[in-house]
Amino acid sequence: GMAKTIIVCGYGPGISRAVAEKFGKEGFAVALVARGAEKVLAGASALREAGIAAQGFNCDLSDPAAVAALIPQVRSALGPIAVLHWNAYSHAAGDLLTAEPDALRQVFDVSVTSLLAAVKHSLSDLQRAEAPAVLVTGGALSTYSAAADERAAQWGAMGLAMAKAAQHKTTGLLHAKLKPLGIYAGEVTVSAIVKGTAADRGNGTLEASAVAQRFWDLYRARQDIYASIA
């Protein structure tokens, strides 16, 4: 098939790395994006050692203008964008009663505004790709339940919960809007702690590779908007 690139936004040691490896093995060139050059360069280097075309990009994903500028850089370095994986999130605005407006904006921008900037600026590529997709990593704190809200308040993760709830809706809206263009949008909501991530304090139960496989299955089937894994 044609050259095709997956952009992995919000790259880290867990789900995003497993998604990058899975799609890389399936023939995608991989762009790893995060704030902090070292992390993305090391990640890209490891993928290249495994025979995958990969490059790291340092970008502040809370800044939609930076995301808009990133897309053409990725395209010229690796080729047309076929899949966008949005894994970025922010822990800002943990307490909604004390959070500054800028912190609230940041947490929302990372989950929603910048995601939409990435979609908008990738759209011309996505429309021409063989099996284009927008794949979003969801979080269980977004669910509408008293238990989820109590946990978010207790853990100081209120901004994250709010942003993830908005992102969940955004994914559904994208699915509806992009489907007539032949572009699939979907979300995997992860409701367990992934092994080897910052959240894993020895209590991680979920293999990142299992989450990546769930994304791959969603991507191939192109039907369901929402899936979950625990």
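## Salt bridges

## Salt bridges

A salt bridge here is a side-chain nitrogen of Lys or Arg within 4 Å of a carboxyl oxygen of Asp or Glu. Arg105 and Asp102 are 3 residues apart in helix α4, and are therefore separated by about one helical turn. Helices (H or I, at least four residues) and strands (E, at least two) are DSSP runs, numbered from the N terminus. Asp102 is exposed, with a relative accessible area of 56%. Buried means under 20% relative accessible area, exposed over 50%, and partly exposed in between (1.4 Å probe, protein chains only). Salt bridges that share partners also join Arg75, Asp125 and Arg128 into one network.

The model is predicted: local features need pLDDT of at least 70, side-chain atom pairs count only at pLDDT 80 or more, and totals for chains, interfaces and linings use all residues. Residues are numbered from 1 along each chain as its sequence is written, and side-chain values use heavy atoms, with hydrogens and water left out.

The structure holds 6 salt bridges. One of them is between Asp60 and Arg35, whose side chains meet at 3.9 Å, N to O. Asp60 lies in the loop between β3 (54–58) and α3 (64–78), and Arg35 in the loop between β2 (29–34) and α2 (37–49), so the pair ties together parts that are 25 residues apart in sequence. Asp60 is partly exposed, with a relative accessible area of 29%, and Arg35 is exposed at 57%.

Arg75 forms a salt bridge with Asp125, the closest N and O atoms being 2.8 Å apart. Arg75 lies in helix α3 and Asp125 in helix α4, so this pair ties together parts that are 50 residues apart in sequence. Arg75 counts as partly exposed at 27% relative accessibility, whereas Asp125 is buried at 3%.

## Strand β4 and its partners

Strand β1 (residues 5–9) pairs with β4 in the parallel sense over 5 bridges. Two strands pair if DSSP finds at least two bridges between them. The strand β5 (residues 133–139) also runs parallel to β4, joined to it by 4 bridges. In β5, Leu135 is the bridge partner of His85.

Together, β4, helix α4 (residues 101–128) and β5 make a right-handed β-α-β unit. A crossover is right-handed if, with the strands pointing away from the viewer, the path from the first strand over the helix to the second runs clockwise.

Val83 is placed in strand β4 and counts as buried, at 0% relative accessibility. In β4, Val83 is the bridge partner of Ile6. Although 77 residues separate Val83 and Ile6 in sequence, the two are 4.5 Å apart in space, C-alpha to C-alpha. Not counting residues up to four places away in sequence, the residues that Val83 touches include Phe23, Phe28, Leu135 and Tyr219. Contact means heavy atoms within 4.5 Å.

Ser122 is found in helix α4. Ser122 counts as buried, at 0% relative accessibility. Leaving aside neighbours within four places in sequence, Ser122 is in contact with Ile71 and Ile81.

## Aromatic residues

The structure holds 5 aromatic pairs. Phe23 and Phe28 form one that is edge-to-face, with 5.3 Å centre to centre and 70° between the planes. Rings of Phe, Tyr and Trp (its six-membered ring) pair if their centres lie within 6.5 Å; planes under 30 degrees apart count as stacked, over 60 as edge-to-face and the rest as tilted. Phe23 and Phe28 are buried. Trp216 and Tyr219 form a tilted pair, at 5.4 Å centre to centre and 45° between the planes.

Both Trp216 and Tyr219 lie in helix α7 (residues 208–221), 3 residues apart, about one turn of the helix. Trp216 and Tyr219 are both buried. Phe23, Phe28, Trp216 and Tyr219 form one aromatic cluster. Lys4 lies over the face of Phe28, at 4.5 Å from the ring centre. A charge sits over a ring if NZ of Lys or CZ of Arg is within 6 Å of the ring centre and within 35 degrees of the ring normal.
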